[in-house]
Amino acid sequence: MSTTVDPALVPQAAPPPSESRIARRETLVQLLRSPTFIIGTLIVGWWVFWAIAGSSLTPHDPLDQSAGQLLRPSHGHWLGTDSLGRDVLSRVLAGASDTFKVAPLAMLLGVGGGTVIGLIAGYFRGVVDEGISLVINSILALPVIVISVVAITAIGSSNATLIVVIGVVFTPIVARTVRAAVLAERDLEYVAAARLRGEHAPYVMFVEILPNVMGPIIVEATVRLGYAIFAVAGLTFLGFGVQPPSPDWSLQIADNYQLLNSGTYWWTVLFPALAIATLIVGVNLIADGLQQVFDR
Amino acid sequence: MAGLLRRRAAARPLPRRTNIARFLLKRFALALVTLFLLSVIVFAAAQLLPGNVGRNVLGPFASQQDVDTYNKLHGLDKPMLSQYWGWISHFVRGDLGKSLQYDVSVGSLLGPALGNSLKLAALAFVLVVPISILGGTIAALRRGRVTDRAITITGLSLTSIPEFVTAIVLIVVFGVALKWLPVNATAPPGAGFFTQIKFLLLPSFALVAVLFGYIARITRASVIEAVDADYTRTAYLKGLGPRQVLGKHVLRNSLLPTIAVVATQTGYLIGGLLVIEKLFNYNGIGQRIYTAAENKDFTLLQSGVLIVGLVYLAATLIADLLYSLLNPRIRFAGAE
């Protein structure tokens, strides 16, 4: 088959793609047709690009304090300068980097832990399930931000703490979703077949059931990413998250919001606020697109 | 193992009333477990706080003897279990101890703060319930059209954006640019009822924005369910006008569950309060917890968080009670 034959003339030459591959391609095509998914990806991609590019492409150094303080938006500083004379535009562009270091890892931790716990609770049911569900429900009954503030106060704030705390707080939430999905699968025939073959419980859970509940898990992961950004933003604003001198958006707001009392200097907080809003809406658009594809 | 898996499958049908009582009892037990868990988490976190409490309070120049005396006086040298018991047994009796930072009773600090927070929360609720029910109903009646999409997408976006971000935009628009509302939330002392409300409007709008999407979505779903139900078709067929059908049949059946669901949103409200209070320099319980955490004032922090947990769980229990009382009727209406 290594002769120079036009591949179009021999359609059966390639090994037939496996069923899962076709399904995956189908999903991808549907995603690319979904406008919400595309717009969301563009928005998030824009911020990811600036988070990676960092200060090398911004018009000024985001930490440079040499400009005048609290300058109005002008030709030299499109979005003005903040109370320390730093260029707001450069800081807004560079402001996503810490969020992108923390939020995805926190999400992965929460989704990983939640998937394992949810699989176990949903598969075994009975006493195991009831015990796990009791703990999950009682943790879910507490305000996330309050728990995080308490935990971070105790451990001390750093990016690593943020990841762990948010990840752990998200674990029961993900576990509940996964458990529900597993409950719908566990009585199906392929699970019974695997069990009758004498497969061990971990094999049935992770090799048989897990691939079939990936849809809800992926959707949950994107939704969690949005909430992780939400949580990082809130905690950072309160002073328990990303620490100065990072140009993080919430930190910019925390540094400058008191100035609003004077009735001016709105540009120091409005633009970082809009940046957070666009990023979160972008992530949610992606989640929405995924949900529509996986739910059909 | 298969036997064990199968055994739980068959649910025994019970008389409805027993079901509800059982459900509520379960919920109540869960609330107690949750409170206990919360108290342990908070207490453990307080124990983890770096540094010696006496040293933190008295400062680096106090003699070691004074620090030891202070710790002894406040029972900080006792074993953890008896410290926990000391705290929780006093808490149950309403004695919250003394703030380490302010040296006054924690109750006198948290009481007024809780009052302020409840004021803000109440205003937010009074605003959000009619607004989102209206939004959700309109979306449901215009299902699939532009109005529906606009309300749903706006609601979803607002729900996912942190409240302090929404609040910044609101402040810039209504406080700075238009100058309609005060930027600060604390009314001058001795201000009348309406002045106080005016000062609380901006922060409550921010809270409304976060809750709107969720409540509107629930309303939309239950109105759609009611519109599609057989009894609605019957109402039309017996000759009632659209207005009567909407008021007497659709809304009556869809609003009660919505209101019950609204109560479950208290948690988000409390979480949001913590952030909003800081942004508006408002002296609520969130502000207290946050300052206590910052200053490592753990007696204040412990009791503040536990009170928030109590309020939260009380609201959830009330919501559950409402919901379970209404649930049989929903099932009875059985649209599907």
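1. Two residues are in contact if their C-beta atoms, placed from the backbone, lie within 7 Å. With that in hand, look at chain B: of its contacts between residues at least 6 apart in sequence, 72% join residues at least 24 apart.

2. A word on what you are looking at. This is a predicted model, in which local features need pLDDT of at least 70, side-chain atom pairs count only at pLDDT 80 or more, and totals for chains, interfaces and linings use all residues. Residues are numbered from 1 along each chain as its sequence is written, while chains are lettered from A and ligands numbered from 1 in the order in which they are written.

3. Next, confidence in chain A. The score to know is pLDDT, the predictor's confidence in each residue, from 0 to 100. Chain A has a mean pLDDT of 84, and 93% of its residues reach 70 or more. In chain A, confidence is highest in helix α4 (residues 97–124), at 93, and lowest in α5(A), at a mean of 79.

4. Helix α1 (residues 2–7) of chain B has the lowest confidence, at a mean of 41, whereas α6(B) has the highest, at 89. The pLDDT is below 50 over residues 1–14 of chain B, a stretch with six contacts in the model beyond near neighbours in sequence. It is also below 50 over residues 329–336 of chain B, where the model has seven such contacts. For the complex, the predictor gives an ipTM of 0.79 and a pTM of 0.80.

5. What is chain B built from? It has 14 helices and zero strands. Of the 336 residues in chain B, 37% are buried; a residue counts as buried if 20 or more other C-beta atoms lie within 10 Å of its own, exposed if 12 or fewer, and partly exposed in between, with C-beta atoms placed from the backbone.

6. Now try a helix pair in chain B. The axes of α6 (residues 106–141) and α13 (residues 285–294) of chain B come within 7 Å and cross at roughly 135°. Such axes are lines fitted to C-alpha atoms, for helices over the stretch in contact, and angles run from 0 to 180 degrees between N-to-C directions. α6(B) and α13(B) are therefore oblique to each other, given that angles under 35 degrees count as roughly parallel, over 145 as roughly antiparallel, 65 to 115 as roughly perpendicular and the rest as oblique. On the α6(B) side, Leu109(B), Leu110(B), Ala113(B), Leu114(B) and Ser117(B) meet Ile285(B), Gly286(B), Gln287(B) and Arg288(B) of α13(B).

7. Chain A has two domains, with bounds from an automatic or database domain assignment: domain 1 (29–95 + 247–296) and domain 2 (96–246). Their centres, taken over C-alpha atoms, are 28 Å apart. How many residues are in contact across the two domains of chain A? There are 25 from domain 1 of chain A and 23 from domain 2 of chain A. On the domain 1 side, α12(A) gives the largest share, ten residues. By class, that side of domain 1 of chain A has 19 nonpolar, five polar and one charged residues; here Ala, Val, Leu, Ile, Met, Phe, Trp, Tyr, Cys and Pro count as nonpolar, Asp, Glu, Lys and Arg as charged, and the others, Gly among them, as polar.

8. The two chains also meet: 40 residues of chain A are in contact with 47 residues of chain B. The largest share of the chain A side, nine residues, comes from α6(A). That side of chain A has 27 nonpolar, eleven polar and two charged residues.

9. Finally, some backbone details to find on screen. Most residues other than glycine have a negative phi, and most peptide bonds are trans. Pro244(A) and Pro245(A) are joined by a cis peptide bond, with omega about 10°, and Pro245(A) sits in the loop between α10 and α11 of chain A. In chain B, Lys179(B) has a positive phi near 55° and is exposed, with 10 other C-beta atoms within 10 Å. Asn281(B) has a positive phi near 50°, and is partly exposed, with 14 C-beta neighbours inside 10 Å.

Note on methods. Helices (H or I, at least four residues) and strands (E, at least two) are DSSP runs, numbered from the N terminus.
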